[in-house]
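The following note sets out numbered points on the architecture of the chain shown below.

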Amino acid sequence: MKATRMAQGKTGFRLLDGLKVLDFSTLLPGPCATMMLADLGADVLRIESPTRPDFLRLLPPRQGDGSAAHAYLNRGKRSLGLDLKKPGAVSVVKRLLEDYDIIVEQFRPGVMDRFGLSYEALKQQWPQLIYCSITGYGQYGQFSQRAGHDINYLGLAGISSYSGHAAEGPAVSGIQIADVAGGSHQAVMNVLAAVIHRQRTGEGVHLDVSMTDAALALNHMSMAAVLAGGVVPSLESDVLNGAGAYNYFETSDGRYMAAGALEPQFAQALCAALDIRHLVPTMVSQRPEDRAKSREALREIFRTRSQQEWIKLFANVDACVEPVFTLDESARHPLFEERDMFVEIEDRASGNLSRQLAPAVVMQQGEDRGRPLPAFSGAALGEDTLAVMQELGFDEDELGVLEGEGVFGPRGLKQAER
């Protein structure tokens, strides 16, 4: 499996060089957002609790001294261990705000306020501050203090009601749609929009990113139709959610093929390859009974051969038919090798290389084409605490006072543990 080697310190396309971000988030939505910013060249400094470590650090499997998921989602970021419940920690954050002017936080509404670090508490002194809060249900409203996870956000947003099969009910997605497409991506897009606004006006802004709001906004076509008085979608009710030939079809060896032959030219190519040209009218029909007929016919046909046989048959057929791969198969596929979708990133502590997903977008400047290059994998908790404090100008006496107050946790300024 080919991977592009990324040496520690190599920069690549650093389009966000100069942006400085304080990251108070944990787990997935916030760290994914700040990873994308760091991949693009932003200076991201994680502020981590030394007494309540990020659960992501404990998630198996292990890679070297730490979690593989943590090493990926927090690559390119430094780590400063601070106990925000200690008054001295707040003074450190405020010293950082003289240089870092973007905050990403993921606490429930009110937590940053109790630390004395809410947007309202900071904006008077730092009016240029961009402050992004990622929560399940937003900063206000009757659900603002309610606990939730991705599955809850998708349920409330209506996405689950028409995602799945009628016989089994709503499907649980293999990825966290609301967390990432809702929380992470909305955070990145709006932080960058706020940066452009600040460049024009000098003003910062508080971004209230609700993952449930963002999930609701993913219902682009279906909600537009409902609000215009159209039919409310349900499981297998529409051409795009399993009512017809746009579907997954089981093969003889228990694998699956994904058929997306929506347009007439693709339906014709599919039916020609399967020698069922008479079914073209039912595949492109708007009548539910016709779509169901084409779906059932394809189910029977695809069960007659193995996945590999179907891959070979459709290799040169332009019909929008592809295999459903497992993740390890995707990681070995020539498409992603040709696209350099995997990189080898250096661990700061050991110098060992680990294979990770590359940033998703290829960039070109003149003759130079490639992807942004992450500098190093996720840091140990508090690995950069002493270096950052020295950068801020704290002398030994000041550090001793803060350490005595427990600002840096029980291990103080000693070498961090992964």
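What percentage of the 418 residues of the protein chain count as buried?

1. Overall composition. Of the 418 residues, 46% count as buried, where buried means under 20% relative accessible area, exposed over 50% and partly exposed in between (1.4 Å probe, protein chains only). The model is predicted: local features need pLDDT of at least 70, side-chain atom pairs count only at pLDDT 80 or more, and totals for chains, interfaces and linings use all residues. Residues are numbered from 1 along each chain as its sequence is written, and side-chain values use heavy atoms, with hydrogens and water left out. The protein chain contains 17 helices and 18 strands; these are DSSP runs numbered from the N terminus, helices being H or I of at least four residues and strands E of at least two.

2. Extent and contacts. The C-alpha trace spans about 85 × 50 × 40 Å along its principal axes. Among contacts between residues at least 6 apart in sequence, 70% join residues at least 24 apart; contact means heavy atoms within 4.5 Å.

3. The six-stranded sheet. An open sheet has the strand order E6-E3-E2-E7-E8-E11, and its pairing is parallel; two strands pair if DSSP finds at least two bridges between them. Strands E6 (77–81) and E11 (205–210) stand at the edges with a single partner strand each, so one side of each is left without a neighbour in the sheet. From one strand to the next, the twist averages 20 degrees. Helix H3 (residues 87–96) lies across E2, E3 and E6 and runs at about 155 degrees to E2; such axes are lines fitted to C-alpha atoms, for helices over the stretch in contact, and angles run from 0 to 180 degrees between N-to-C directions.

4. Strand E2. Strand E2 (residues 20–24) is largely enclosed by the rest of the structure, because five of its five residues are buried. Lys 20, Leu 22 and Phe 24 point one way from E2, while Val 21 and Asp 23 point the other way. In a regular strand, the side chains alternate between the two faces of the sheet. Four bridges join E2 to the parallel strand E3 (residues 43–48), and four bridges also join E2 to the parallel strand E7 (residues 102–105). Val 21 has Val 44 as its bridge partner in E3 and stands opposite Ile 102 in E7.

5. Helices H1 and H7. With helix H1 (residues 29–39), strands E2 and E3 make a right-handed β-α-β unit; a crossover is right-handed if, with the strands pointing away from the viewer, the path from the first strand over the helix to the second runs clockwise. H1 and H7 pack at an angle of about 45 degrees, their axes 8 Å apart. That makes H1 oblique to H7, given that angles under 35 degrees count as roughly parallel, over 145 as roughly antiparallel, 65 to 115 as roughly perpendicular and the rest as oblique. The crossing of H1 and H7 is right-handed; a crossing is left-handed if the near helix is turned anticlockwise from the far one by less than a right angle, and right-handed if clockwise. Residues of H1 in this contact include Cys 32 and Met 36, and those of H7 include Val 188 and Leu 192.

6. Ile 196. This residue lies in helix H7 (residues 177–201) and is partly exposed, with a relative accessible area of 45%. The C-alpha atoms of Ile 196 and Glu 296 are separated by 52 Å, at 100 residues apart along the chain.

7. The three-stranded sheet. A further open sheet has the order E12-E13-E14, with antiparallel pairing. Its edges are strands E12 (247–250) and E14 (321–323), each with a single partner strand, so one side of each is left without a neighbour in the sheet. The twist averages 30 degrees from one strand to the next. E12 and E13 (residues 256–259) pair over four bridges, and Phe 249 stands opposite Met 257 in E13. Helix H12 (residues 288–302) packs on the sheet and touches E12, E13 and E14, its direction making about 35 degrees with that of E12. Helix H13 (residues 307–314) also packs on the sheet, touching E13 and E14.

8. Helices H10 and H13. The axes of helix H10 (residues 264–274) and H13 come within 11 Å and cross at roughly 120 degrees; the two helices are therefore oblique to each other. Their crossing is right-handed. Leu 270, Ala 273 and Leu 274 of H10 make the contact with Trp 310, Leu 313 and Phe 314 of H13.
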